Amino acid sequence: MEKEYEYVLVGSGVAGSTVAKRILEHDRAASILILEAGPQVAAKNRRYWWDYVVNANGKESKAYDFTTDQKGESVSDGNTKFEVEGSRVMLYGGSTVHWGGWCLRFKPEDFKLFSNTGLGGDWPFAYDELFPYYEQAEHHLTVCGDVSESWNQEMRPGVPYPRPAFHWTAPDGEMIQAWLKNGIEPGKMPMARYRKCMTTGTCKYCPIGARFSAQLILDELRSDDRNINFEVRTSSPATQVLVDSKSRIRGVEYLDANTGETRRVYAGTVVVCSGTYESPKLLMLSKSRYWQDGIGNDYDLLGRYLVSHSILKVRGELDHNDENWFQEYDFPTLMSRTYDTAQYQAKNKIFLFKNRGLPNIDFGQLMIDGRSRAEIDTLWRASRQQELQAFMEEMGRKDNRVTLSKGKNRFGLPKMHIHFDRSPEAEENGRNWLKLMSKVVADMGYKIIEKKTGIDPPGGHHATGTCRMGRTEKDGVTDKDMRVHGTDNLYVCSNAAFPSGAAVNPTLTLTAMSFRLADHLVSRF
Amino acid sequence: MAKKLVAKEQPTAPKPVSVDEMVGAIRQVGDALGTQLSLRELTTALRKLHDLQDVKLADGYDAERNEQHVACLKKALQAAVTLEFATIPPYLSALWSIKDELHPAAKSIREVVQEEMLHMSLACNMLASLGGAPQFNTAVPQYPGGLPGGVHKGLTVGLVGLSKASLSAFLWIERPITQVPIEPPYAAGGDGDARKFSLERLASDHPQDETIGEFYDQIRNAFADHIADPKNPRLTTDKQMTGPLAPTVIKDMDSVDYAINLIQKQGEGSRNNPEEHKGDLSHYYRFLELYNEEKYSWNSELKKLEVVGKFEWPDVWPMAPVPAGGYQKDHVSPEVGHHLQMFDNTYSKLVDLLQGAWTDGGQNSLVDAYGVMFDLEWSAKALMQTRLPFGGGATYGPCWRYKASGDRSS
């Protein structure tokens with residue numbers, strides 16, 4: 001008799017680890033297997049941290065850099081290049097190992113994108129449904145923020161953040177003055193401040209686990225000896241979801257990358273937590289006589305409605321830096337949701353923030369070059385740059401999609417092809433936003449650097465939509481519980497299920513959806 | 001700026017002693033070193049050695065005196081390390097019981113705890129400067145119990161949530177000889193406001209009590225004597241620690257003075273000034289503010305503390321005093337047992353890392369210790385929010401038990 005797990009989760013990122021944690025809180029003896037395609041790289045390792053500190057801007061400076069998306073592993077066509085390189089890290093803990101940690105709730109209007117604008121999709125429920133789960137997510141990630149901001153007063157009156165926000169830095173003040181002149185409300189970036197921060201400025205590999213990473217959750221779950229049937233298997237890319245019948249999922253087949261053997265595990269419930277790219281790809285690969293085009297793909301919706309964020313940037317330069325300003329944290333402290341509202345929803349609304357990396361000067365290189373303190377001081381005080389940035393929301397379009405490409409990548413997962421066209425309206429709206437942002441930077445007294453101003457290609461990090469929720473199988477791949485339409489026991493817990501991408505980072509919403517899913521799963525029996 | 005040696009009331013000429021008396025005195029100290037010395041005994045021994053310092057002896061006895069002297073100083077410094085360490089679990093238990101960690105009471109106590117860690121690191125550095133190795137995992141404080149080294153005999157310190165009772169213990173720990181005047185004044189005991197803390201009453205109940213400040217005065221004298229003698233090896237910085245909680249290495253008398261002045265000022269304040277630096281009261285006066293529920297401001301012209309407002313008592317979880325030996329895993333629910341075990345395991349890891357820091361582990365050990373230290377709060381607060389089965393609403397709390405690494409699985 002092969003062992004049957006109660007749950008097999010495919011993917012060990014924030015979704016998989018959160019679902020596992022909540023299930024185990026209900027039942028410590030639950031048998032859960034997490035399959036992770038990538039390897040494990042230790043967290044809080046003194047040597048890895050030191051290597052990163054010494055070589056901060058160098059290639060491969062962080063011990064997990066070798067798991068990042070590389071050039072050539074995906075191909076994109078369409079009128080807009082879709083940039084996947086550098087967006088994900090594929091390893092134990094998933095992309096929260098390298099993320100920025102920005103944690104904002106989607107706005108109420110984001111759940112009704114199609115109803116409000118005729119574009120994109122509607123969620124099968126409203127913001128209110130997710131309200132208690134957002135609170136749980138904020139506690140889980142230990143988000144620090146400021147409730148007095150007007151959008152917070154609107155969305156979560158009387159609900160405190162677990163931790164107070166980081167204060168604005170001195171350079172932020174200059175931009176805040178320009179914002180106030182332009183009617184933009186300054187806010188404090190809510191961060192996943194999991195543990196006490198000692199401001200090393202090395203968030204991408206925090207030596208004390210202060211910035212949330214799903215790795216830390218997995219480590220805790222595994223070291224808690226009450227979780228007797230909890231297991232994580234790394235270097236185990238899933239190759240197929242196995243079915244018994246159309247509606248009954250049997251388990252998962254995967255490649256043991258260490259030995260090259262193919263293995264099978266069986267489960268009462270399978271949850272695909274593999275992110276917006278790998279989740280639809282896995283389902284597409286899972287062809288059988290019951291699902292000829294892949295599970296959940298009877299209406300050719302798998303992989304479609306791909307959406308991500310483009311970063312809009314306006315950089316300016318000032319011809320002095322008397323204050324000796326210099327980048328402080330490795331995350332931005334200043335942001336605004338003034339243009340992230342229902343009023344601008346039809347115009348590709350934006351989320352504004354200040355580039356965390358500026359002003360900056362490469363002290364290390366100047367010292368290596370042998371410059372004296374006086375010379376460095378002169379250079380430092382000669383000028384400074386600041387940059388205003390924004391994420392722009394785009395709406396899902398049917399032809400913007402992920403499909404399988406030929407061949408496999410280093411992890412044994414299929415390469416992919418992305419087609420992405422930006423609508424002319426979105427292009428125009430983007431240009432208008434840039435004009436507004438340029439005025440703000442000019443109001444700061446800075447001279448705009450045209451070369452560094454524009455719209456970046458959409459990046460792979462905030463991708464959503466490829467297994468979107470819809471009321472029926474003709475509207476979407478998954479239902480309101482993120483269960484794949486037509487199945488009893490297969491779920492997709494991922495940004496892939498989101499019908500809209502909003503203007504802000506998706507991880508807080510994914511964490512809330514993960515808690516909601518876990519509660520649903522344990523309530524079934 | 002170097003502070004001059006605290007002058008003891010010494011006669012201008014050294015008291016003449018015979019060689020026999022001298023040898024006897026030295027041997028006494030040496031014999032006493034083999035037993036568990038109280039702080040008072042150490043202080044007395046150090047005073048005696050200091051008094052004898054100016055007497056010239058024949059060769060051989062000088063060497064023995066120097067050896068005894070440095071051994072005594074090292075023992076005193078180890079007592080200082082353990083003493084500073086021992087204040088932290090009770091202070092943290094009080095701090096973590098405060099529900100709102102941004103409450104002024106929480107901020108005040110948190111700064112005290114940070115400074116105690118600093119004092120501990122400075123004491124470790126002082127010990128390392130003499131070639132000594134500070135002990136942690138063989139000198140773990142037990143609660144409830146007296147303070148290490150017989151400090152403040154009669155005082156028992158326990159692990160409990162913030163209360164007037166625990167604050168009065170903290171006040172005793174940090175007490176100066178006398179308190180600066182407070183305006184408006186309150187009379188000691190009896191007629192005055194009986195809810196206010198009375199240092200006079202404490203002092204009259206325990207006339208033999210010594211302050212930690214006086215103990216550090218003797219350490220300073222002993223260092224001065226040690227450094228002044230050219231036959232002694234120079235202080236070594238080899239195994240000392242630097243970083244956010246140990247900002248100075250001990251390499252000469254100036255750095256010893258700096259470290260000890262800092263410890264004294266931050267703890268009890270100085271004789272005429274309750275501030276450790278402008279705007280920041282010393283530990284004693286921070287605890288006094290909280291106990292008396294009034295805010296103080298130092299008027300440096302009138303040399304008085306003025307009451308400038310009310311200090312609001314915070315909302316706390318009612319953490320019960322932890323029984324001797326702590327709560328036993330078999331007698332509590334699995335959830336509580338898990339948190340107790342998590343806390344003790346994390347604490348034990350922390351103690352081992354501290355043990356390593358001033359020996360072979362170095363900076364790595366100390367930085368790892370910071371990370372581990374931040375994890376303690378989570379299990380502690382989970383315990384403080386869990387009611388005891390028959391406690392009338394009181395709650396559990398962390399037990400601060402050390403277990404050697406082989407014993408941590410159960």
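## A covered helix in chain A

In this predicted model, the buried residues of helix 8 of chain A have a cover that includes strand 1 (4-10), strand 9 (238-243), strand 11 (261-272), strand 16 (401-408), strand 17 (414-419) and strand 20 (490-492) of chain A.

Which residues of helix 8 of chain A are the buried ones? They are Gly275(A), Thr276(A), Tyr277(A), Glu278(A), Ser279(A), Pro280(A), Lys281(A), Leu282(A), Leu283(A) and Met284(A). Note that Glu278(A) and Lys281(A) are on that list, and both count as charged.

## Chain A as a whole

Stepping back, chain A has 12 helices and 20 strands. Its radius of gyration is 23 Å, close to the 24 Å from the globule rule for 525 residues, so chain A is as compact as a globular protein of that length.

As for burial, 50% of the 525 residues of chain A count as buried. Looking at contacts in chain A with a separation of 6 or more, 73% are accounted for by residues 24 or more positions apart.

## Chain B as a whole

Chain B has 11 helices and five strands. Of its 410 residues, 41% count as buried. Residues 24 or more positions apart make up 70% of the chain B contacts with a separation of 6 or more.

## Two helix pairs in chain B

Start with helix 7 (residues 212-228) and helix 8 (residues 253-267) of chain B, whose axes come within 10 Å and cross at roughly 180°. Angles over 145 degrees count as roughly antiparallel, and these two helices of chain B are therefore roughly antiparallel to each other. The contact of helix 7 with helix 8 of chain B divides into 10 nonpolar, three polar and two charged residues. On the helix 7 side of chain B you'll find Ile212(B), Gly213(B), Tyr216(B), Ile219(B), Arg220(B), Phe223(B), Ala224(B) and Ile227(B). They meet Met253(B), Val256(B), Asp257(B), Ile260(B), Ile263(B), Gln264(B) and Gly267(B) in helix 8 of chain B. If you're wondering about the spacing of those numbers, an α-helix has 3.6 residues a turn, so residues three or four places apart point the same way.

Next come helix 10 (residues 334-357) and helix 11 (residues 362-384) of chain B, which pack at an angle of about 160° with their axes 8 Å apart. Helix 10 and helix 11 of chain B are therefore roughly antiparallel to each other, and their crossing is left-handed. Sorted by class, the contact of helix 10 with helix 11 of chain B has 17 nonpolar, six polar and three charged residues.

## Where the chains touch

How many residues does each chain bring to the contact? Chain B gives eight residues and chain A gives nine. Helix 11 of chain B turns up again here: it supplies six residues, the largest share of the side of chain B that touches chain A. By class, that side of chain B splits into four nonpolar, three polar and one charged.

Two cis peptide bonds are worth a look. In chain A, the bond from Leu358(A) to Pro359(A) is cis, with omega near -5°, and Pro359(A) sits in the loop between strand 14 (350-354) and helix 9 (363-368) of chain A. In chain B, a cis peptide bond joins Tyr143(B) and Pro144(B), with omega about -10°; Pro144(B) is in the loop between helix 4 and helix 5 (164-174) of chain B.

Thr199(A) has phi near 45° and is found in the loop between strand 7 (191-192) and helix 7 (214-223) of chain A. Trp400(B) has a positive phi of about 50° and lies in the segment after helix 11 of chain B. Buried or exposed: which is Thr199(A), and which is Trp400(B)? Thr199(A) counts as exposed, with 11 C-beta neighbours inside 10 Å, whereas Trp400(B) is buried, with 24 other C-beta atoms within 10 Å.

## An arginine in helix 4 of chain B

Arg110(B) has its place in helix 4 (residues 104-129) of chain B. With 16 C-beta neighbours inside 10 Å, Arg110(B) counts as partly exposed. Lys99(B) is 11 residues from Arg110(B) in sequence, and the two are 13 Å apart in space, C-alpha to C-alpha.

Definitions and conventions: Residues are numbered from 1 along each chain as its sequence is written. Chains are lettered from A and ligands numbered from 1 in the order in which they are written. This is a predicted model: local features need pLDDT of at least 70, side-chain atom pairs count only at pLDDT 80 or more; totals for chains, interfaces and linings use all residues. Axes are lines fitted to C-alpha atoms, for helices over the stretch in contact, and angles run from 0 to 180 degrees between N-to-C directions. Helices (H or I, at least four residues) and strands (E, at least two) are DSSP runs, numbered from the N terminus. Angles under 35 degrees count as roughly parallel, over 145 as roughly antiparallel, 65 to 115 as roughly perpendicular and the rest as oblique. A crossing is left-handed if the near helix is turned anticlockwise from the far one by less than a right angle, and right-handed if clockwise. The radius of gyration is taken over C-alpha atoms; the globule rule is 2.2 Å times the number of residues to the power 0.38. A residue is buried if 20 or more other C-beta atoms lie within 10 Å of its own, exposed if 12 or fewer, and partly exposed in between; C-beta atoms are placed from the backbone. Two residues are in contact if their C-beta atoms, placed from the backbone, lie within 7 Å.
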